[in-house]
Amino acid sequence: MGTEFSRHADVVSYFEHVAANSKMVSYTDYGKTNERRRLTYAVVSSEENLRNIEQIRTDNLKSAGILPGSASPNKTIVWLSYNVHGNEASSSEAAMNTVYKLITEHPDYLHNVVVIMDPGVNPDGRDRYVNWYNQVKASPYNSAQDATEHHEPWPGGRPNHYLFDLNRDWVWASQVETQQRLKVYNQWMPHIHVDFHEQFINNPYYFAPGAEPYHEMLTPFQREFQHTIGKNNAKHFDKEGWLYFTRESFDLLYPSYGDTYPLFMGAIGMTYEQAGHGMAGLGIINDEDIELTLIDRIAHHTTTGLSTIEVASKNVSSLTSEFKKFFNNDKLTYKSFVLKGNPDNIKVLTEMLDRHEIKYSFSNGGNVKGYNYTTKKNGSMDSKGALILNTNQPKGKMVQVLFEPHTHLTTPLTYDITAWSLPYAFGLEAIASTSLISGNPQSSNEFLTNVPTPSAAGYISKWNSLKDAEFLSELLKNNIKVRYSENELSFGGNEFGRGSLIITRSDNKTNPQFDKKLTEIANKLERQLYASPTSYADKLTDFGSQYVHLIKNKKVAMLQGDGTISLSYGVLWHFFETQLKYPITSINTKNFSDVSWNDYDVLILPEGYYSTVLKEDNFKILEDWISNGGKLIAFGNAVNVFDGKEGFDLERNGEKENDEPDNKDGNDDNNLKPYAEREMDGTKEMITGSIYKVTLDNTHPLAFGYESTYYSLKLGGDSYRFLKDGYNVGYVKGDFESVSGFSGETAAKGLKNSIVFAQAMKGKGSVVYLLDDVIFRSFWQNGKLFMANAVFF
Ligand SMILES: [Zn+2]
């Protein structure tokens, strides 16, 4: 163990072998990854417990109120998740070692504990790392830091197939691994969940308790029990003379981690971090001149895993009784959240809630009162048809965490974003109410099946959501010609907003199946078509208007590879392939100069550092392509490469205005800040995921389908002034006004009068700047239409 890395299939074979030879282990598949690797979990307990396992499982759910009936469970359920980050590769090895030692050396723990082990949460990432390592490693391994085997190539093994960080995806569940795992998680609802990780090669081991900020929703028991577990781990580490640290990093705030998600679902959720990571290989000399080996890494993770099970076996009654208490949600601040707006976004939201088995209903109408997310003060809203989420359900704490307008922060020094309030992410009007509001289980929104109308001059369909864009994509793939309108439309007494799609008989007259195919696609995607008998409009804009444009079947390219940020490329790749379902060509940055760019209409630059890729010659190629009619879409910090460049209309906002020293004699008091306070002082410059209001020019095609304001997620302080010649489509005019999340004073000031979305014209082409991430981790639902607008309009 530890002399070679095991491929995922080897790990699976090992667990199958153990299950075949021990009555204390059962082993099951729960799904497949994108690359068709098996997702599996083992249930490990005493023979007697395994015989009654269904009873144990359902009793636990009954005690939480998730299943009807009452029960007093006397077993704890401990869930160990390994290798969520694929290149933190000691942990699947440790999973094998742990199951072996558990049943051979510690069967006594299993009388009152059921252990669920997922030996490989992210098999695609793990095998990307392990296969690469096996290909390049020296024999015997080379422990010098310079050796190739310690430097993974882009994108590294950390993320999954679509390059998502699965340890940020628990709540959003955008990835197939998460979606399938949650089904099993919900069937078990463990009392303790451990997520095994690795950090940089110089760090001692980290285990719970976590660092501040803790989310205020955590119960005193959940805080306290982290110490109980931490102290037991410490006892075993002290005995071996191993170093560790606790409480200084890895906070418990952002709800989509493998520690916080279980915490908000009633468990003791924890992260354990071993030194190692994609750099360590089988052995490496770290900066302290100590050789870190895979054998050591496995030993440490095995020790904490077993120690956690030991604690669980000694604390059955407190764990089970506190777990039961956790699910009583009578005392939460908000009793109901009521959300109204774009029905497609509401549908996506309810699909996400279904994955967590969170219950919701729909309003019968009437005014609801409470905190209004738009006005940021108490007010009311007509609730007809609105989605209602109540917190008086077992998973009520998670509801409050996801929907409350503000997250309380004890310190802004966090590992992740400080705002995720879902009404803003989904672009919905909302009220947070302190009284309970009831509704119907079914939505009154009903889709009316479209019928082919051969007498129609054409069909009109609205443009308001990603689903509308998916519809367009599907039509284009089926060679149906589509137009969009720059103007508002009026036909047969119906009003349609800018961006609405017009599918005319005239454009499709060579297609005899036109009506049938169109209605078939519209019905499949539940898009309501209006069949107009004439192309003559009630007002001004007819089908043949100069403001109604044919949509070309755009050829889209996107850069990936060195220089691009893999997470950003991945989220866009996933968006085009699985959501918009529109083909793109991914091009490696190292092939940039060899591409026939004239074959492409649109080029997307994911976030990245392009100063090397787009140096002189390549930059000239790009410039010429744009001038000849190409459209470049620069995402996030990719815009930096155009900063101040001639013809790109992009310029950073000036240095902070307040450069003056505080005292007239030129002495600056700020520099007398004590050393120990400098870290906290640095937060003035930080924006850690703050939600704020953006003004939109929704008469510009980039903002078609949107209201005149949009809530965006700001992840940093980069600030650019309004374009002089181009179109400022989304911007902050005046002060930056955060509605949720942390923004440091200095950074917020710097965002005064800055652009968020803009289009610069250049020759026959243009550059679209999308400064904020409009599809952050794929959960920022309301931003996704910007991407479709940028490509098609
Ligand atoms: Zn990790």
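**Close-up views of a predicted model**

**View 1. Arg 247 is exposed, with a relative accessibility of 52%.** In the terms used here, buried means under 20% relative accessible area, exposed over 50% and partly exposed in between (1.4 Å probe, protein chains only). The model is predicted, so that local features need pLDDT of at least 70 and side-chain atom pairs count only at pLDDT 80 or more, whereas totals for chains, interfaces and linings use all residues. Residues are numbered from 1 along each chain as its sequence is written, and side-chain values use heavy atoms, with hydrogens and water left out. Arg 247 sits in the loop between β8 (244-245) and β9 (251-252), where helices (H or I, at least four residues) and strands (E, at least two) are DSSP runs numbered from the N terminus. The phi angle of Arg 247 is near 65°, which is a positive value in a residue other than glycine.

**View 2. Strands β15 and β16 form a hairpin with four residues between them.** Strand β15 (residues 367-372) and strand β16 (residues 377-382) run antiparallel and are joined by six bridges; two strands pair if DSSP finds at least two bridges between them. Gly 370 has Gly 379 of β16 as its bridge partner. Lys 376 lies in the loop between β15 and β16, and its phi, near 60°, is a positive value in a residue other than glycine. With a relative accessibility of 30%, Lys 376 counts as partly exposed.

View 3. Touching, like contact, means heavy atoms within 4.5 Å.

**View 4. A second open sheet has five strands in the order β24-β19-β23-β20-β25, again with antiparallel pairing.** Its edges are β24 (530-532) and β25 (548-550), each with a single partner strand, so one side of each is left without a neighbour in the sheet. Direction ignored, neighbouring strands of this sheet are turned by 30° against each other on average. Strand β19 (residues 458-461) and β24 run antiparallel and are joined by three bridges, with Gly 458 opposite Ser 532 in β24.

**View 5. Helix α1 (residues 8-21) and helix α4 (residues 90-105) cross at roughly 10°, and their axes come within 10 Å.** The two helices are therefore roughly parallel, a term for angles under 35 degrees, with over 145 counting as roughly antiparallel, 65 to 115 as roughly perpendicular and the rest as oblique. Axes are lines fitted to C-alpha atoms, for helices over the stretch in contact, and angles run from 0 to 180 degrees between N-to-C directions. The contact is made by Val 11, Tyr 14, Phe 15 and Val 18 of α1 together with Ser 92, Ala 95, Met 96, Val 99, Tyr 100 and Ile 103 of α4. Ser 90, which also lies in helix α4, is buried at 0% relative accessibility. Residues up to four places away in sequence not counted, Ser 90 touches Glu 198, Gln 274, Leu 294, Arg 297, Ile 298 and His 301.

**View 6. Helix α14 (residues 466-477) and helix α16 (residues 566-580) pack at an angle of about 75°, with their axes 10 Å apart.** These helices are therefore roughly perpendicular to each other. Leu 466, Ala 469, Glu 470 and Ser 473 of α14 make the contact with Phe 575, Gln 579 and Leu 580 of α16.

**View 7. Ser 754, in strand β34 (residues 754-762), is buried, with a relative accessible area of 1%.** Leaving aside neighbours within four places in sequence, Ser 754 is in contact with Asn 653, Ser 719, Tyr 720, Phe 722, Tyr 731 and Val 732.
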